[in-house]
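Q: I am new to this structure and would like a close look at a single part of it. Please keep the answer plain and connected.

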Amino acid sequence: MNVKPFTISYTRSPVDVQFVNQCDVLEDENLTDDNKVQTTVKKRDNKNNEGKKKEEKYYVNYKVEPNRRTSKSPMSPPNELLLKNGETKNETKKNGIISNDEESLKEDASNERETWGKKSEFLLSVIGFAVDLGNVWRFPYICYRNGGGAFLIPYFFMLIFLGLPLFYMELALGQYQRCGAISIWNRLCPMFTGLGYGICFVATFVGMYYNTVIAWAVYYLFASFRSEVPWSHCNNTWNTADCVSVVDGYNVSLVTNNSMLAATEFYLFRVLEDQKAYGIESVGSPKWQMVLCLIAVFVIVYFSLWKGIKSSGKAVWVTATVPYVVLLILLVRGCTLPGAKDGIIYYLRPQWDKLLKVEVWLDAASQIFFSLGPGFGTLLALSSYNKFHNNCYIDAVATATINCFTSVLAGFVVFSVLGYMAHITQKDIDKVAMEGPGLVFMVYPEALATLDGSVFWSILFFVMLITLGMDSTFGGLEAVITAIMDSFKVVKGRREWLVLGVIIYCFLGSLPSTTNGGQYIVSLLDRHAAPIPLICICFCEAIAVNWFYGVQHFSNDIQSMLGFQPGIFWKICWAFICPICLIVLFILSIYYYDGIELNGYVYPQWSLAIGWTISSISLICIPIYIIYLLIVTPGTFKQKILRMIRPSSIPSHIEQDKSRHLYDKYEISSSNVGTTVNTPVSYNAESISMYSPHQVDKNQDTNDSV
């Protein structure tokens with residue numbers, strides 16, 4: 001049988017192009033060679049007015065693996081196999097391996113994904129996740145430490161070139177693919193599926209200590225329901241001889257280096273009972289009051305998540321809006337305090353020489369990165385419940401802007417109070433300013449205790465902290481739940497039980513942080529659970545999406561949703577600027593790591609080893625899954641690699657609705673004739689990779705699929 005030479009060229013066509021011709025690829029039953037199957041491309045087209053079909057045949061060489069059938073067409077979707085009797089059977093892929101599972105795809109196609117009841121619920125959920133405790137206790141301190149108003153220059157620079165592009169990318173990915181952080185990689189680049197498991201580990205590790213911080217705020221909230229807040233005076237059982245109280249009169253001449261404010265002693269010796277612990281070597285036993293507060297937090301989280309976005313979408317109306325109301329009230333009250341003006345000036349006073357320091361730019365990048373929260377899988381999960389044509393571009397710009405505005409606003413609130421504290425204690429502002437839990441559990445409560453109506457202001461402040469933390473917890477755990485629900489059929493329809501299992505797992509992991517030395521565990525996890533792993537995860541994510549899947553292909557997906565292509569600015573950021581910034585941040589984070597110190601206590605080396613182990617657990621998932629795929633994927637080494645880097649499935653909602661789909665144009669030509677075929681973007685590991693943005697070469701290696 002003579003075979004005519006042919007080439008297949010690839011070009012993109014606009015959205016909503018319909019099929020021009022239909023081509024069928026049929027097996028030649030006369031051939032017995034297992035490695036080569038001669039195929040016949042039969043073109044049907046009506047070209048005469050009498051309605052008669054004109055048939056032309058082209059012969060092409062088509063490579064398949066031994067004992068495997070060819071697909072219906074090199075240009076057909078990957079879920080359809082041609083059987084001998086002419087029937088078709090669905091083809092799906094699990095763990096990177098193609099399998100003929102008819103029921104699997106049917107179930108996928110029949111189950112409509114839940115969507116947000118209102119656009120506002122989605123926006124509040126994203127804003128609530130992005131705006132967390134870090135906006136209050138971290139940004140103001142970093143801003144004043146790194147040049148005050150001058151710091152806003154590198155801060156907004158990193159927002160534009162790093163934070164916002166990653167934020168937009170994850171929202172668009174989740175909305176188009178409509179699945180969680182694990183299964184999404186089968187539709188992008190199966191080799192990186194380990195990223196999804198790493199994201200789940202990061203989210204649960206953060207949930208183990210972050211909820212403990214919320215439990216501390218719950219403890220303070222209940223303690224505030226008294227005629228007078230308990231940290232006002234020094235005549236309590238937990239106070240020491242070195243206690244000084246601003247309420248009782250602060251005599252500077254009597255203050256020594258060992259003196260501690262009443263609110264500081266309340267936090268250390270009453271809330272934590274730190275005097276019963278001896279560093280991380282001996283953290284003591286769990287404190288039952290703190291365990292009860294932690295249970296209360298997880299119960300609220302459970303009932304906010306157990307019904308999916310139907311329940312969490314209602315909860316965020318409270319948790320995402322209350323912090324702004326409270327911040328505005330505290331801002332007005334803080335600005336009326338003596339010394340507030342000095343604090344605000346100190347907060348924003350530009351120190352232009354600081355801009356010449358590399359550390360300032362690294363702090364700006366880190367703050368933007370961890371404030372917006374890409375890499376947690378939360379943005380993927382929340383946006384996966386959006387309607388297909390939702391304008392995620394406007395969502396990304398709006399929510400990122402609101403997040404940064406909140407950070408700046410929180411700085412005014414915090415430094416107005418710090419200026420007041422410096423005024424009444426007669427200290428420099430830099431002597432009373434601190435970041436982290438010390439700011440919100442020691443410095444701020446001391447200032448609130450001096451105000452008229454201290455009980456009211458304390459209740460208001462700790463309600464704000466609780467709501468700030470709650471909606472971030474909702475988002476973090478929703479990422480885990482959505483990823484598992486989309487990847488494992490055994491839990492489908494059993495969301496309530498899955499949520500309960502995740503909650504119990506996180507609660508048990510949180511118990512060590514409720515001990516007397518819980519602050520040492522919280523500090524260790526805060527340093528190692530998320531910061532370093534997330535930078536690496538986001539770097540791999542940017543490479544997988546924009547280099548393997550293809551930045552242009554990703555842009556075409558966005559066009560099918562929004563009706564317009566992302567601009568060149570976004571493509572350059574996604575493909576080059578973001579990966580470069582992330583890998584530099586990752587390297588410098590490791591290079592400048594100098595251990596952990598908390599209130600003068602230096603962590604021993606064995607505890608740092610535990611911290612690095614926690615960091616490695618999330619990252620080790622990536623190479624482990626790559627090795628696993630190499631072992632279980634059939635074929636030669638080159639075939640394995642090709643299957644691992646090319647999408648193995650397409651979203652069922654894209655496949656069902658061709659009007660939403662981008663079509664690729666392939667031109668098949670021989671020495672005498674040629675035809676053009678428009679076909680849906682799809683992929684078949686046994687045939688042509690429609691997702692590949694490269695031209696298919698006629699001289700491709702014989703071991704490869706066409």
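What is the torsion about the S-S bond of C234 and C243, and which hand does the disulfide have?

A: The torsion about the S-S bond of C234 and C243 is about -70°, so the disulfide is left-handed. The model is a predicted one, in which local features need pLDDT of at least 70 and side-chain atom pairs count only at pLDDT 80 or more, while totals for chains, interfaces and linings use all residues. Residues are numbered from 1 along each chain as its sequence is written, and side-chain values use heavy atoms, with hydrogens and water left out.

A disulfide is a covalent bond between the sulfur atoms of two cysteines. Here the term is applied to a pair of cysteine sulfur atoms within 2.5 Å. The sulfur atoms of C234 and C243 are 2.0 Å apart, and the count by this rule is one disulfide.

The two partners can also be described by their cover. Buried means under 20% relative accessible area, exposed means over 50%, and partly exposed lies in between (1.4 Å probe, protein chains only). C234 has 23% relative accessibility and so counts as partly exposed, whereas C243, at 12%, counts as buried.

C200 is buried, with a relative accessible area of 11%. C335 is partly exposed, because its relative accessible area is 43%.

The setting is the protein as a whole. Its secondary structure comes to 24 helices and 14 strands, where helices (H or I, at least four residues) and strands (E, at least two) are DSSP runs numbered from the N terminus. Of its 706 residues, 60% count as buried. Contact means heavy atoms within 4.5 Å; among contacts with a separation of 6 or more, 76% join residues 24 or more positions apart.

The interior comes next. In soluble globular proteins, nonpolar side chains tend to be buried together. A nonpolar core is a set of buried Ala, Val, Leu, Ile, Met, Phe, Trp, Tyr and Cys residues joined through side-chain atoms within 4.5 Å. The largest such core has 194 residues, of which Y168, F441, F461, F462, L465 and F554 touch the most other members. Helix α6 (residues 194–224) gives the largest share of this core, 20 residues. Apart from residues up to four places away in sequence, F554 touches M169, A172, L173, V545, N546, Y549 and W574. A second, separate core has nine residues, including I280, Y520, L524 and I596.

Beyond its neighbours within four places in sequence, the contacts of N516 include L272, E273, D274 and K276.
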